Amino acid sequence: MTTRRPSLSRRKAAALLGGFALSLASLGPAAAAEGQLRIAKQFGVVYLLLNVVEDQKLIEKHGKQAGLDIKVEYVQLSGGSAVNDALLSGNIEIAGAGVGPLFTLWDRTRGRQNVKGVASLGNFPYYLVTNNPDVKTIADFTEKDRIAVPAVGVSVQSRILQLASAKLWGDKDFAKLDKISVAVPHPEATAAIVKGGTEISGHFGNPPFQEQELADNPKARIVLNSYDVQGGPASSTVLYATEKFYKDSPKTYTVFLGALDDAAKFITANPEKAAEIYVRINGSKIDPAFLTTIIKNPAVSFKVTPENTLGLGAFMHRVGAIKTEPKTIGDYFFDDPRISNGS
């Protein structure tokens, strides 16, 4: 009997501890999962949907309608690498970055965190702008030039530049311009293009920075338009999350998508008000009237449905940037009626 008591005691203790751990596992995450939303955004009008969601408190409004009190936090970052690190470390629930970083993370987390897209932030043409009078095409850049991108080799601008390079020089030289690319946040890169006098002679940016460069420096010109490279309008900036958030927070996830969809409709119907919101939320000094012209550009559209994203993923697989080939939108975006008819 004396030999059995310790064994029985250990079994009871193990059972009690196991039950306690199980209850923590079931109660803790469930309680924390719903109602918490930390969103990473970057710089530019491409994040206007999130600006409107924040300003109009659309997540909170949709949350209350769903009987959910959602605590929302917006985190400002620069570059797909920083955003991806924040997502994988659990510091954010929603990541905002280019579709290039999404494909990279989708591929690398398969079977683990299973990161997938949540929604598009709309379609915007991205311009590679230069202030070097000798540069007419990407073939004219030399080792003396430096092309500013949010993140070298991984940002959507960098991936589109690689796709353009592959079309010009062949797949084997797809990364030819990476060696003269530098990681610089859009505001700093814009200042360099406008003022000149620095090693940065090119900037692959996004609205409104690219338009500011063209307006403020008469020597600035467009070298490359992302739509031309991608074969038409495309959703270059997207939102994505881990499978855990998608499964553990279904109400919060649905609320977020609804709020985002409302923001898209608001911007389309109220471009002037949307411009004012951008200026206010970002503390920007840009002229709201100038910004309104960008928002109303016929080449720009605000919608959550992704468009023309698969081609970039296929290219990244072809050159070995990702191991898995995406074949349908459902491979790399979570299922939702507003998303599944995308491309």
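Me: What makes you say that domain 1 and domain 2 are in contact?
Reply: Contact means heavy atoms within 4.5 Å, and by that test 30 residues of domain 1 are in contact with 26 residues of domain 2. Mind you, this is a predicted model: local features need pLDDT of at least 70 and side-chain atom pairs count only at pLDDT 80 or more, while totals for chains, interfaces and linings use all residues. Residues are numbered from 1 along each chain as its sequence is written, and side-chain values use heavy atoms, with hydrogens and water left out.

Me: Why is the protein divided into domain 1 and domain 2, and where do they run?
Reply: The bounds come from an automatic or database domain assignment. Domain 1 takes in 36-124 + 235-331, and domain 2 is 127-230. Their centres, taken over C-alpha atoms, are 23 Å apart.

Me: What is the area buried between domain 1 and domain 2?
Reply: Buried area is the accessible area (1.4 Å probe) that two parts lose on being put together, summed over both. Here that comes to about 2200 Å², with carbon and sulfur atoms giving 66%. On the domain 1 side, F43, L312 and F315 supply 22% of the area buried against domain 2, more than any other three residues.

Me: Why does G79 count as buried?
Reply: Buried means under 20% relative accessible area (1.4 Å probe, protein chains only), exposed means over 50%, and partly exposed is in between. G79 has 2% relative accessibility, so it counts as buried. You'll find G79 in the loop between strand 2 and helix 4 (80-88). Leaving out residues up to four places away in sequence, G79 touches Q42, P150 and A151.

Me: And why is N114 called partly exposed?
Reply: N114 has a relative accessible area of 21%, so it counts as partly exposed. N114 lies in the loop between helix 5 and strand 4. Its phi is positive, about 50 degrees, although N114 is not a glycine. N308 also has a positive phi, near 55 degrees, and is not glycine either; N308 is in the loop between helix 13 (288-295) and helix 14 (310-318).

Me: What makes the bond between P207 and P208 stand out?
Reply: The peptide bond there is cis, with omega about 5 degrees. P208 is located in the loop between strand 8 (200-204) and helix 8 (209-216).

Me: How do you know how many helices and strands there are?
Reply: They're DSSP runs numbered from the N terminus: helices are H or I with at least four residues, strands are E with at least two. That gives 15 helices and 10 strands.

Me: Why say that strand 4 and strand 10 pair, and in which sense do they run?
Reply: Two strands pair if DSSP finds at least two bridges between them. Strand 4 and strand 10 (residues 237-241) have four bridges and run antiparallel, with A241 in strand 10 as the bridge partner of K116. Strand 1 and strand 3 have two bridges, in the parallel sense, and I39 is partnered by I94 in strand 3. Strand 1 and strand 2 are also parallel, joined by six bridges.

Me: What makes the sheet open and mixed, and in what order do its strands come?
Reply: Five strands form the open sheet in the order 2-1-3-10-4, with mixed pairing. Its edge strands, strand 2 (71-76) and strand 4 (116-120), each pair on one side only. Average twist is 30 degrees from one strand to the next. That angle uses lines fitted to C-alpha atoms (for helices, over the stretch in contact), and angles run from 0 to 180 degrees between N-to-C directions. Helix 5 (residues 99-108) packs on the sheet, touching strand 3 (94-98), strand 4 and strand 10, its direction at about 120 degrees to that of strand 3. Helix 11 (residues 250-269) packs on the sheet too, touching strand 1 (36-41), strand 3, strand 4 and strand 10, at about 30 degrees to strand 4.

Me: What makes the largest nonpolar core a core, and which residues have the most contacts inside it?
Reply: A nonpolar core is a set of buried Ala, Val, Leu, Ile, Met, Phe, Trp, Tyr and Cys residues joined through side-chain atoms within 4.5 Å. The largest has 91 residues, and I59, V118, Y240, F256 and L260 have the most contacts inside it. Helix 11 gives the largest share, nine residues. Both domain 1 and domain 2 give residues to this core, so it lies between them.
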